[in-house]
Amino acid sequence: MTNLKPLEPHDIISSGIKPTGVLHYGNYFGAIRQYINLQDTAEAFYFIVDYHALTTLPTPDTLRVDTFRMALDWMALGLDPDKASLFVQSDVPEVTELAWIFSNLLPAGDLERGVSFKDAKQRGDTPNAGLLNYPVLQAADILIYRGSVVPVGKDQTQNIEIAKRIANRFNRRFTSDKPYFHPPRPWVIEEVAVVPGLDGQKMSKSYNNTIAIFEEPEVLRKKVMAIPTASTPLSEPMDPDSDHVFSLIRLVGDEETVSSIRDSYLRGGFGFRRAKEELINLLESYFSDARERRDELVAKPNVVRDAMVAGAERARVRAQETMRDVRELTGLNWKDAAR
Ligand code: TRP
């Protein structure tokens with residue numbers, strides 16, 4: 001089912017998500033579900049990347065509120081601060097220092113070929129230098145905690161490739177016997193890594209085709225009812241495999257439910273309206289526990305804040321250790337020459 005090499009004892013998990021807007025199903029199946037599974041098997045660092053969010057120039061209020069809301073959603077969905085270190089990227093400012101050091105190990109051309117940067121230019125935008133350097137900061141994110149396994153969606157493989165290149169260059173340039181960084185590898189679950197959006201394209205905020213995990217029920221209903229479907233007459237069989245409603249059903253239904261709905265499609269006389277009703281029910285029940293936990297946390301924001309602060313303290317200890325080594329390996333330790 002997967003292309004995953006099993007975890008090894010030295011493996012450390014690290015991954016981040018941008019605090020932009022509201023979590024959707026693509027985020028959940030592309031990344032967060034893997035986070036939750038992995039938090040039981042290895043040491044894990046999960047962070048909300050507010051420095052990265054600056055590339056899109058959010059207003060200060062938006063950035064603050066979205067960052068906190070992401071922390072809340074994470075904990076509601078089952079990320080457990082007792083198992084993994086959950087924190088906000090900018091609470092460990094050492095990561096920007098490492099990014100600066102790393103930026104010298106990569107030809108600028110590699111970054112100009114970065115997908116996000118290239119896409120922005122092709123759209124006719126004038127992307128800022130933050131977007132150009134985005135993959136370098138991401139490499140620092142991963143490596144400062146000495147992460148070697150990075151659960152992400154498929155669209156992140158290029159960025160992980162860059163992190164791997166940086167780790168290898170660092171090792172080659174600054175270590176002689178034992179490499180310092182483990183070159184990281186992506187942890188992508190192929191089947192679900194790309195979640196279809198309401199229009200059948202990849203679900204993504206930029207395509208405006210998302211369903212939020214904690215969508216208001218009326219909005220959820222409106223969005224699902226507006227999913228375009230084939231014009232098959234009601235009495236005739238419908239093709240499940242080309243249908244967006246069915247691809248979403250497959251994502252959130254258990255095996256038995258999915259196969260019985262599939263039969264209804266093939267039998268005919270079912271209709272897309274009923275299929276959509278089924279989908280709405282499945283979507284609502286899939287996250288009903290998380291919804292309850294979320295309501296509890298909304299009433300107790302301190303619980304979220306304290307957990308994130310404690311996570312950052314743990315992460316920072318690790319980051320400072322790494323930076324001590326990196327400073328020494330790179331020669332940013334001039335005082336040792338004055339002894
Ligand atoms: N680039 C990732 C995204 O857009 C977010 C990210 C930032 C990240 N730093 C990271 C992912 C480190 C994995 C590891 O989704």
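Predicted model: local features only at pLDDT ≥ 70, side-chain atom pairs only at ≥ 80, totals over all residues.
Biologist: Let's start with the ligand. How many residues surround the ligand, and which are the closest?
Modeller: The ligand is surrounded by 13 residues. Gly16, Tyr134, Gln138, Asp141 and Gln156 are the closest.

Biologist: Which elements each supply at least two residues of the shell?
Modeller: Those are β1, residues 12-17, and α7, residues 129-144.

Biologist: And which gives the most?
Modeller: α7 gives the most, with 4 residues in the shell around the ligand.

Biologist: Back to Tyr134. How far is a polar side-chain atom of Tyr134 from a nitrogen atom of the ligand?
Modeller: The distance is 2.8 Å for Tyr134.

Biologist: What about the side chain of Gln138?
Modeller: An N or O atom in the side chain of Gln138 lies 2.8 Å from a nitrogen atom of the ligand.

Biologist: And the side chain of Gln156?
Modeller: For Gln156, an N or O atom of the side chain is 2.9 Å from a ligand nitrogen atom.

Biologist: How much of the ligand's accessible area does the protein cover?
Modeller: On its own the ligand has 370 Å² of accessible area, and the protein covers 89% of that.

Biologist: Changing topic to helices. Where do α4 and α7 stand relative to each other?
Modeller: Helix α4 spans residues 94-103, and its axis comes within 8 Å of the axis of α7. The two axes cross at roughly 120°, so α4 and α7 are oblique to each other.

Biologist: Is that crossing left-handed or right-handed?
Modeller: α4 passes α7 in a right-handed crossing.

Biologist: Now the other pair. At what angle do the axes of α3 and α14 cross?
Modeller: Helix α3, residues 60-77, and helix α14, residues 288-299, have axes that cross at roughly 135° and come within 8 Å. α3 and α14 are therefore oblique to each other.

Biologist: Left-handed or right-handed for α3 and α14?
Modeller: The crossing of α3 past α14 is right-handed.

Notes: Residues numbered from 1 in each chain as written. Heavy atoms only, no water. Near = heavy atom within 4 Å. Polar contact = N/O pair within 3.5 Å; in protein donor to acceptor, adjacent residues only side chain to side chain. Areas by Shrake-Rupley, 256 points an atom, 1.4 Å probe, with all protein chains shown as cover. Axes fitted to C-alpha atoms, helices over the stretch in contact; angles between N-to-C directions. Parallel < 35°, antiparallel > 145°, perpendicular 65-115°, else oblique. Left-handed = near helix turned anticlockwise from the far one by under 90°.
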